[in-house]
Amino acid sequence: MPKTTVKVPTPLRPFAGGAAELALEGSTVGGVIRTLADANPALKRHLFTPEGRLRNFVTVYLNDEDIRYLERESTPLKDGDIVSIVPAVAGGAPSSARSSSRPSKLTAIAPEPEESFSRDELRRYSRHLLLPEVGVAGQRKLRHAKVLLVGAGGLGAPTALYLAAAGVGEIGLVDFDSIDLSNLQRQVLYTTPDVGRPKLAVAKERLEALNPGTRVTPYEERLTSANALDIVGRYDVVVDGTDNFPTRYLVNDASVLLGKPNVYGSIYRFEGQVSVFDAKRGPCYRCLYPEPPPPDLVPSCAEAGVLGVLPGLVGVLQATETVKLILGRGELLIGRLLLYDALSLKFRELKLQKNPECVLCSPAATQTGLIDYPAFCGVPTSEAPLAQGTVPEVEPEALHAELESSEPPFLVDVRAPEEWAIAHLPGAHLIPKGELPERVDELTRASHLVLYCRSGKRSADATRLLLDLGFSHVRTLRGGINAWAERVDPSMAQY
Amino acid sequence: MKEVAVSAGFMDEMRAHARESYPDECCGILIGATSEPDGERRRTILAVERSRNEFDGERRRRFLILPEELREVERRTERAGRAVVGFYHSHPDHPAQPSQYDQDHAWPWYTYLILAVTASDVPRVAAFELDADTSTFQETGLVVAPEPVSLPSVTRW
């Protein structure tokens, strides 16, 4: 039989001849402990119930593992194993209501794991269960938690993966996009064969495969003032992984109105921000930014670019705060804005105050419901950007024909030089949109101008600018260079 | 009579813990040294560590220190040449007397300090120890030393 060492806890040593450890032979953990008890009758009552079961506040470890997560008393032993007996310490004041009845040890002490967690679950979450800050009680909180992720993109992907892995019972996902090849640089929930499929269908598959104990509810729609209170109201915590201001304000306002904590994250190029907005305990997003910035000051990731690993870190920080919120442990980022700069690898923290005049969460609040967020943020409600459609446009095919003609228009690329380097139209002239006002004189000799950008949004705005400056023959390429690549020159890169 | 000596500073720390946790029960670990110079056992508390009350339920009436935590503290203290010698916990709005539940779950040899705590005060602290035959949970002597007892306390959280 395997030779093992049994470690006796200090209080029981007097009952085991004073020894701190004993060399015992046995084939199972239960076997050696019974051998020990049989040899020391005084010890027996401390380890076993009168019915002969191991008392439930006696915990036994095989090397570094709690045997409840192994095969309990039948866990087999091998030579050199160390079996440790560790007391769980419990007690409490007399119960005022039922002081005469002796509380049941079974329900009062660490819950019998099989009542609530299966063997597989105990093993799956064992590294959590070992943490005093999580334990069985915390794991149960995670299982009962409902978390809504708004956005299943760069931030939502890592957050969702870690929350599902951690054992969060219900995850709601709001997104309506399909997977694009350009998503894969950072949206680690998706893989190359998924391109073209709806994000939520793939996300549900992946997350439920990662953890069958997690239920994923997809909301394949845009979060709007009409559905936000209903959707957010079904969850305990909201995680903001949005990429636009109207939705960000909407998520904030719905969370404040419903009294839910909002775990905020945002990313821009190499920089990230994280905070927890919980109006009951600290400021809300509106305390920080009462008004959205003007829409043309806030390029999206699609325009500005983003370091692929950045949302990984920010999303994981959001997942961390979400788990802490659920567990009720640690210091939360409430009233603190964490700033992360990946280029310098520096974290900074700003203290945030609750705005005593916040229209939403202060005692002086005037806003009691949701509003029209696209209008509030100055962005158009339709899919098409504001200027697009209101300025003269040219379709890619028509532009192609004109460029082949004897009087080709003068092409102006209003994108950033980095984008120009990816692909540009032959013969085009690069003037980034921001430089346009000071460089208009470069365009005065051209009789016909066509402006283009990636998708047609920036060039429409630039066209509006030139028209306002008095240019008469200016048009914008509808759909931008991506539409050109799709319809005229398939060899050209799309991004 | 068995006796345990605790410095006034540690007493203050435990009282503060009891008040902060009120109306929940607080709990913690006593680290110290035990000697039997003249047949009568004496124990000196050299550090107190706050624990999380991990009881999954009514924490106003119950406490639980997980074996993982105890194991971790034991490892740490044993490396420093000391030992876990007992535990403290509070009885919110109840006297500093062991409940039947305390006795049912007590281990011999350890010192159990119980702090009666109300919303405004910690009126009494008393020390108890379970007899070897587990039949009685007896009060032992508690000596509060005015000066801190040599080593600094280790507090977490």
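The model is predicted.

**Where the chains meet**

The contact draws 29 residues from chain A and 33 residues from chain B. On chain A, four elements each supply at least two residues of the side that touches chain B: strand 5 (82-87), strand 6 (89-91), helix 3 (105-108) and helix 7 (135-144). That side of chain A has 19 nonpolar, six polar and four charged residues.

Strands also pair across the contact. Strand 6 of chain A is joined by three bridges to strand 4 (residues 63-65) of chain B, and the two run antiparallel. One bridge can be picked out by name: A:A90 has B:L64 in strand 4 of chain B as its bridge partner.

**The barrel of chain B**

In chain B, seven strands close into a barrel, with mixed pairing, in the order 1-3-2-5-6-7-8. From one strand to the next, the twist averages 35°. Strand 2 (residues 27-35) and strand 5 (residues 83-92) of chain B run antiparallel, joined by six bridges. Within strand 5 of chain B, B:A83 is the bridge partner of B:G32.

**Helices across the strands**

The table gives each one with its angle.

| Helix of chain B | Strands of chain B it lies across | Angle |
|---|---|---|
| Helix 1 (residues 8-21) | strand 1 (3-7), strand 2, strand 3 (42-51), strand 5, strand 6 (111-117), strand 7 (124-130), strand 8 (137-145) | about 55° to strand 6 of chain B |
| Helix 2 (residues 67-79) | strand 2, strand 3, strand 5 | about 135° to strand 5 of chain B |

Key:
Residues are numbered from 1 along each chain as its sequence is written. Chains are lettered from A and ligands numbered from 1 in the order in which they are written. This is a predicted model: local features need pLDDT of at least 70, side-chain atom pairs count only at pLDDT 80 or more; totals for chains, interfaces and linings use all residues. Two residues are in contact if their C-beta atoms, placed from the backbone, lie within 7 Å. Ala, Val, Leu, Ile, Met, Phe, Trp, Tyr, Cys and Pro count as nonpolar, Asp, Glu, Lys and Arg as charged, and the others, Gly among them, as polar. Two strands pair if DSSP finds at least two bridges between them. Axes are lines fitted to C-alpha atoms, for helices over the stretch in contact, and angles run from 0 to 180 degrees between N-to-C directions.
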